[in-house]
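Subject: Structure for you to look at

Hello,

Here is the structure I promised to pass on. Please open it first and then read the notes below it.

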Amino acid sequence: MSTDPFQALECPLDGEPLALAGNAWRCAAGHSFDIAKQGYVNLLPVQQKRSHDPGDSKVMVAARQHFLSAGHYQPVAEAVSQAVIRRIEERQAVGKPTVSCLDAGCGEGYYLRHLNHAMPALQSRALIGLDISKWAVLAAAKQDNKQSPISRWVVGSNAHLPVQAGSMDSVLCMFGFPVYSEFVRVLKQGGMLLQVEAGPDHLRELREIIYPTLKPGRANTEKVAEGFAHHRTDSLRYPLALTGAKKIADLLAMTPHLYRASAEGRARAAALEALDTTVDVRLVQWLRI
């Protein structure tokens, strides 16, 4: 397995390339960003923040880490890895120069770590995980092997990706907030954006408990973003049985339903000791044209 440290970062202040100099990233204008002792770099300047501590909280990140490490979303991770590897094979890139992948909204790094282990052993790869939450990036970096890290871990925003134009073979957007103009900018021509989004029945049984009524599901129409062509859409659906209030609380804490539900709805979820629900996701692949 060969992992090449991702080098194509750019300065979030002036857009110039960053170069690694000792324990910091620097641009030609002299802007400097130190690498934290845990191995990540913060490339989110204060003027790009909408709050003092944006993104998922420390508690939410811990809940996601507990839930994902238990393997409940492993089929999703496997489907994502297969899609990325399939695209590499379609481009006949196996065994060729380094393949790069950005997880835009990486959380604590679960899907990027799974991709790293699933890729062909002889395929050199350069991986970068980015999230606006410093707690998420910190958790991802802590789980990495400091002697042979699988990825660059970066605190940053999808709205202003600190990544050089045309440097990525693949971009992942996992249940996140896509910024298509930025994804177009950083992808190579023919590169793939893989969006994973909730299907109409995703966690339906949980939603039926916490909400008085459910909104109608969105129609499965692919609105083509500028700079992309729709490649394919796959669906993944399977039952998920959770036992114990802690696992159910972890699931709720890693979804937007934690804040959308009323206090009464959250209380009904907190009273559960078991939950049988449905995982229903769509994997939509877009190619950079």
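Helix α1, residues 58-69, packs against helix α7, residues 245-253, in this predicted model. The two axes are 8 Å apart, and the angle between them is about 120 degrees. The crossing of α1 past α7 is left-handed.

Which residues make the contact? On the α1 side they are Met 60, Ala 63, His 66 and Phe 67. On the α7 side they are Lys 246, Lys 247, Asp 250, Leu 251 and Ala 253. Sorted by class, the contact of α1 with α7 has five nonpolar residues, three charged and one polar.

Which strands supply at least two residues each to the lining of the second largest pocket? They include β5 (40-42) and β8 (151-155). Of the elements, β8 gives the most to this lining, namely four residues.

By class, the lining of the second largest pocket has 13 nonpolar residues, four polar and four charged.

Regards

How values were computed: Residues are numbered from 1 along each chain as its sequence is written. This is a predicted model: local features need pLDDT of at least 70, side-chain atom pairs count only at pLDDT 80 or more; totals for chains, interfaces and linings use all residues. Side-chain values use heavy atoms; hydrogens and water are left out. Ala, Val, Leu, Ile, Met, Phe, Trp, Tyr, Cys and Pro count as nonpolar, Asp, Glu, Lys and Arg as charged, and the others, Gly among them, as polar. Axes are lines fitted to C-alpha atoms, for helices over the stretch in contact, and angles run from 0 to 180 degrees between N-to-C directions. A crossing is left-handed if the near helix is turned anticlockwise from the far one by less than a right angle, and right-handed if clockwise. Contact means heavy atoms within 4.5 Å.
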